[in-house]
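Please read the sequence and look over the structure shown here. The paragraphs that follow go through it part by part.

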Amino acid sequence: MKYLEQFFNAKAAAPKASIDTKSVVDSPCLIEQTKQPLAVLQRFVPIRELDSKTVQLLPHKTLHYAAGDTVFLIHQATTSVWYLFEGTLTMVPDGATPFEMQADSLRAHLPINSGKKFGASGIAKSYVKILEVSADLIAHWTSQSKQQEQCVVIQDLKLPEQINESFFFTQFAKAYRENKLILPTLPDVALKLKQAMAKEIDIATAAHIIQVDPAITGSLIQIANSPLYSPISPVTNCHDAVTRLGLTATRSLVLGISLKQLFRSHNPKLIKAMQSLWKKSLYLSSLSFVLAQQTHDVNPEDALLAGLISDIGVIPLLYFAEQQGENDIDITQLEETIPLLRGPVGRLVLHTLGFSETLTQIPYHAEDWYFDNNDTLGLIDIVILAKLHSFIGTERSKTLPAICSIPAYTKLNDGKLNPDLSLQVLRNAQQRIQAAMNILS
C-alpha cells in the first residue's frame, strides 16, 4: 500500500481549487470493500466488547483520503461509525480549539462519531485511512449493555481477573449473591414522602410530612430561596417552599438531601474514601442540574438526584470493607475495583430502595459512553454528559472519548457541547453549581 500513500500525498501537493471546508466534503480516493481481520477490528471500542460472531457480521469498509482533504463536516449526518485507522486528522469542533488525532494514539481506538452525525469537522493532515463501520455497532452495544444491566443483579457477580483470587472480594461477591450485603436506607421522612407521592397528594400533605425533620425542612427552604430558582421574594416556611418548588421537584430534592447521611464511616481509612465519594457525587449532581437547565429537555431536579446516585453502588462496598476490620482493607485495590462493581451493586441498592426503573439504570450506564437508548435526550444522557464533563482537564480525559463523539451529544438541541464551550458554560454557571453544592452539603 506504500504506492497509494505516495500517490495521495502527491495529489495533495498538486494545485487544486480552493475548498470551503464549511460546505464541501472530498470524496475518498479509494474505497476498500475487503473486510478487515477480526484482530484488527477488535482494536477499537466498543467493538472489542462484542462477541466475535457479532463483530464478523458488522458491515464495514476502509476509506482512503489524501493529505489536505476535508474528510467530514461538523453536523454532517451519517449512518456509520468512523474510526481513524491510519494517519493524522485535524479535528475542528464548532467554537472550540482544533486538536489532532493520530492513528497510534489511545483516542484513535475510540469512535470519531456516534453513527448519527459528526460533532466536528475532520481535515486530513496526512494521508489517512478511515474504518467505516455500520451504525448497527451502536445498536448492538446498547442492546448488550441493557441485557447485562438486567441480568447482573440475579446472576453471580463476576470479579475482574486481577482480583479474582482476593479473599476480600471473593467474600464480597458471596455476600452479594446471597443477598447479605448491608445496603443503605433512607431517612423516614424521605421514605414517607416517596410512598405518599406514589398516590395523589396536595402541597399541604407533603409539607406536613417534610416538616417533621427540621434539617430537611431548613435545606428545602434554603433551596427555594437560592439562586437556583431566582426568587423574587424569600419564603420562610415549608409550605411556601414546596409551593415554589412543586411536588415533583420537592420529592427529588428531599431524596437528594437525605442521601448525604449514607456517605458515612467510622473507619479512619474509609472516612477519606467516603468524603471523596460524596464530594465527587455532589459535583456531578450539581453539574447534572446545570446541564439539564441548559438543555431544557430534562427536569433539573431529577438530573440532580440522578447525578447524586450514579456512584451509590460504592457505598455497600465501603460498608463491607468496614466490616472486615482495619487491617484487612487494601485501599488501592478497593479504588481499582470500584469502577467494575459500582454499576451492578448500585442498581441493586436503588432497586431495594424502591427507586424508579429509570433511576436504577443510572449507576450502570453513567460511564457507558456509547449507550444510546433512544433518539431524544434523557436522564441517562444528561448524567453521561455530566460525567464526561467532570473529567475535563484531568489525566483520565486523555483516555476518554471527545464529548462531540458520543451518542448523547447528538441529541442536544443546539449541537454544541465541546470542551471549550463546556468550560465557558461551567464558568458562567459557577454560581448555580456552587449554590447546589452548598445546599446539598
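This is a predicted model: local features need pLDDT of at least 70, side-chain atom pairs count only at pLDDT 80 or more; totals for chains, interfaces and linings use all residues.

In what sense do strand 5 and strand 7 pair, and over how many bridges? The two strands run antiparallel to each other, and 5 bridges join them. One of the residues involved is T90, whose bridge partner in strand 7 is I123. Strand 5, which covers residues 88-93, also pairs with strand 6, again in the antiparallel sense, over 4 bridges. Here M91 stands opposite F99 of strand 6. In a regular strand, side chains alternate between the two faces of the sheet.

The protein has 441 residues, and 53% of them are buried. Its secondary structure consists of 20 helices and 8 strands. The accessible surface is about 20200 Å², and carbon and sulfur atoms account for 52% of that area. Of the contacts between residues at least 6 apart in sequence, 74% join residues at least 24 apart.

Aromatic rings come next. The whole structure holds 7 aromatic pairs. One of them is formed by F72 and F118, which are stacked with 4.3 Å from centre to centre and 10° between the planes. F72 is in strand 3 (residues 70-72), while F118 is in the loop between strand 6 (99-102) and strand 7 (120-124), so the pair ties together parts that lie 46 residues apart in sequence. Both F72 and F118 are buried. Elsewhere, ring pairs link F44, Y83 and F85 into a cluster.

The charged end of R396 sits over the ring of F391, at 4.4 Å from its centre. K194 lies over the face of F355, 5.9 Å from the ring centre.

T360 is part of helix 15, which spans residues 357-360. Is T360 buried or exposed? Its relative accessibility is 2%, so T360 counts as buried. A polar atom of the T360 side chain lies 2.8 Å from the backbone oxygen of E357.

P214 and C238 are 24 residues apart in sequence, and their C-alpha atoms are 9.7 Å apart in space.

The last topic is backbone geometry. Most residues other than glycine have a negative phi, and most peptide bonds are trans. The peptide bond from V45 to P46, however, is cis, with omega near 0°. P46 is in the loop between helix 2 (38-41) and helix 3 (52-57).

Which phi value does H75 have? Phi of H75 is near 70°, a positive value in a residue that is not glycine. H75 is in the loop between strand 3 and strand 4 (80-86), and with a relative accessible area of 37% H75 is partly exposed. H296 likewise has a positive phi, about 65°, although H296 is not a glycine. The loop between helix 11 (268-295) and helix 12 (300-309) holds H296. At 68% relative accessibility, H296 counts as exposed.

Terms used. Residues are numbered from 1 along each chain as its sequence is written. Side-chain values use heavy atoms; hydrogens and water are left out. Buried means under 20% relative accessible area, exposed over 50%, partly exposed in between (1.4 Å probe, protein chains only). A polar contact is a pair of N or O atoms within 3.5 Å; within protein, one must be able to donate a hydrogen and the other to accept it, and residues adjacent in sequence count only if both atoms are side-chain atoms. Contact means heavy atoms within 4.5 Å. Accessible areas come from the Shrake-Rupley method with a 1.4 Å probe; for residues, only the protein chains shown count as cover. Rings of Phe, Tyr and Trp (its six-membered ring) pair if their centres lie within 6.5 Å; planes under 30 degrees apart count as stacked, over 60 as edge-to-face and the rest as tilted. A charge sits over a ring if NZ of Lys or CZ of Arg is within 6 Å of the ring centre and within 35 degrees of the ring normal. Two strands pair if DSSP finds at least two bridges between them.
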